[in-house]
Amino acid sequence: MITLRKNQTEPIRKATEFFREKKPSPSLIVLPTAWGKSILTAFVAKSIEDKLLVLQPSKELLAQNYQKYVSLCEFETEAGIYSASFGRKEINKITYATIGSIKNLGKLFRQLGFTKMIIDEAHLYPREADSMLGTFLADSGITHVLGITATPIKLQQNTDLAGNRFSKLVMLTSSSKKGNFFKDIIHVGQVSEMVEMGFWSRIEYRAAGFDGSQLVYNSSKSEYTDESMERAFRSNDIHGQIKKQLNENGDRKHILVFVPSVREAIELSREYPDSAAIYGDMKKDERARVISDFRSGKIRVAFNVRVLSVGFDYTGIDCIILGISTASVALFYQILGRGSRIDPNKKDCLIIDLAGNVSRFGRIEDITFEKDGRMWRMYGTGGRLLSGIPVHTLGEVTKSSLEAEKKVKEANRAAIDVMPFGKYKGEPIGKTPKEYRLWMLEKFDWGAHNAGLRDAILLTI
């Protein structure tokens, strides 16, 4: 077994204790990119006596986690893989699986005595009870579910009072109409810990001027439309800027370039030497060859369209060029995280942002997750709030403005603690039926004249 780093001991201890509790609620452990989530899984699997199911969203992550377990524990007799895409269907004391392969096998796992589950990349799974995961959990009777993720956030669609759709990035522990499967976060490993301890590569930022006037949100205001991203790409001549940056940074050996379309990736790969395009619809063997050649250095530049942003952990990446604009902080984090891993052959990772993303979200080293009362929040550079607010308003709310608003709400609540009118006049607001308070919030015409009552009601929901 390897020697754990000092920031790995505590979350492994908490995870092990979680699986020894009698009736824990589904919970999360938040660990930054490059922390070594597969290490936690391997240590926990080795430490607990019960059978353990380890769920991954892809066969690539499954292989990574399985190999880490085998290498750490120095044997594989107790580990199995159940994944059709992997070509193996084994159930053992520790079983690494993909949900698509076991979705209809809940009753079998129940019969075999499985009660414990770890979900890697937990943010990728839906919260609905009728999802593949929900169906499996209901059939299997799994009692202990621990999710692991670097980004405990999920997009949630909402409609305002005027009927307009918008999206919010919410914490996985936040309540919603669809419910919140994960109830709490039992440990957070902050990115700053990784940086301070030297377990993240130093990241250098370089941003070009960018005109985002061409960008248009999609109908749910969760992301920019593909068409507008391509227009912004062309109007800012990002194609030309990419080639210029590649020429000016000849010392960079392993460069990931993110572009908005397959056509653009292919064009650039034809124009630039020692490069290749990589995208989702490639043939599997061709995609595997490109990744292998990129790792070996035969290919210096990979022009990338919507792949290699999650689960690709090649440590040698020393430059990332962002030729795409995104409204998704989760995607931004995952992309830049590809360059965060330390490697003896690189001094740092250069982030060249040609599309206005760093100014929108800030530096990923500044991202923190903090608990405020019972609510978890995600913050970025300068204390800007990144969760719980409409995506199209990111940057407008900060930690300090939230604290000021909280003081005002507390003052309003102190001033208004009983219902001032209506059928429940004179009763404590928190004691009135919740349905009535929700009805008031939806139907009343709220403004400055009755903001105190609205805030007092909100504090009781």
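Start by selecting helix α16, residues 451-458, where six of the eight residues are buried (buried means under 20% relative accessible area, exposed over 50% and partly exposed in between, with a 1.4 Å probe and protein chains only). The buried ones are Ala451, Gly452, Leu453, Asp455, Ala456 and Ile457. Helices (H or I, at least four residues) and strands (E, at least two) are DSSP runs, numbered from the N terminus.

A word on what is on your screen: this is a predicted model, in which local features need pLDDT of at least 70 and side-chain atom pairs count only at pLDDT 80 or more, while totals for chains, interfaces and linings use all residues. Residues are numbered from 1 along each chain as its sequence is written, and side-chain values use heavy atoms, leaving out hydrogens and water.

Next, show the strands. An open sheet of eight runs in the order β4-β3-β5-β2-β6-β7-β1-β10, with mixed pairing (two strands pair if DSSP finds at least two bridges between them). Its edges are β4 (88-89) and β10 (184-188), each pairing on one side only. Zoom in on β1, residues 27-30: four bridges join it to β10, and the two run parallel. Click Ile29, and you will find its bridge partner in β10, His187.

Time for the rings. How many aromatic pairs does a search of the whole structure find? There are 14 (rings of Phe, Tyr and Trp, the last by its six-membered ring, pair if their centres lie within 6.5 Å; planes under 30 degrees apart are stacked, over 60 edge-to-face, the rest tilted). Select Phe18 and Phe19: their centres are 5.4 Å apart and their planes at 80°, so this pair is edge-to-face. Both are buried. For a whole aromatic cluster, pick Phe421, Tyr424, Tyr436, Trp439, Phe444 and Trp446.

Last stop: Cys319 and Cys349. The sulfur of Cys319 has its closest cysteine sulfur in Cys349, 6.6 Å away, too far for a bond. Cys319 is buried at 1% relative accessibility, and Cys349 is buried at 0%.

Note on methods: A disulfide is a pair of cysteine sulfur atoms within 2.5 Å.
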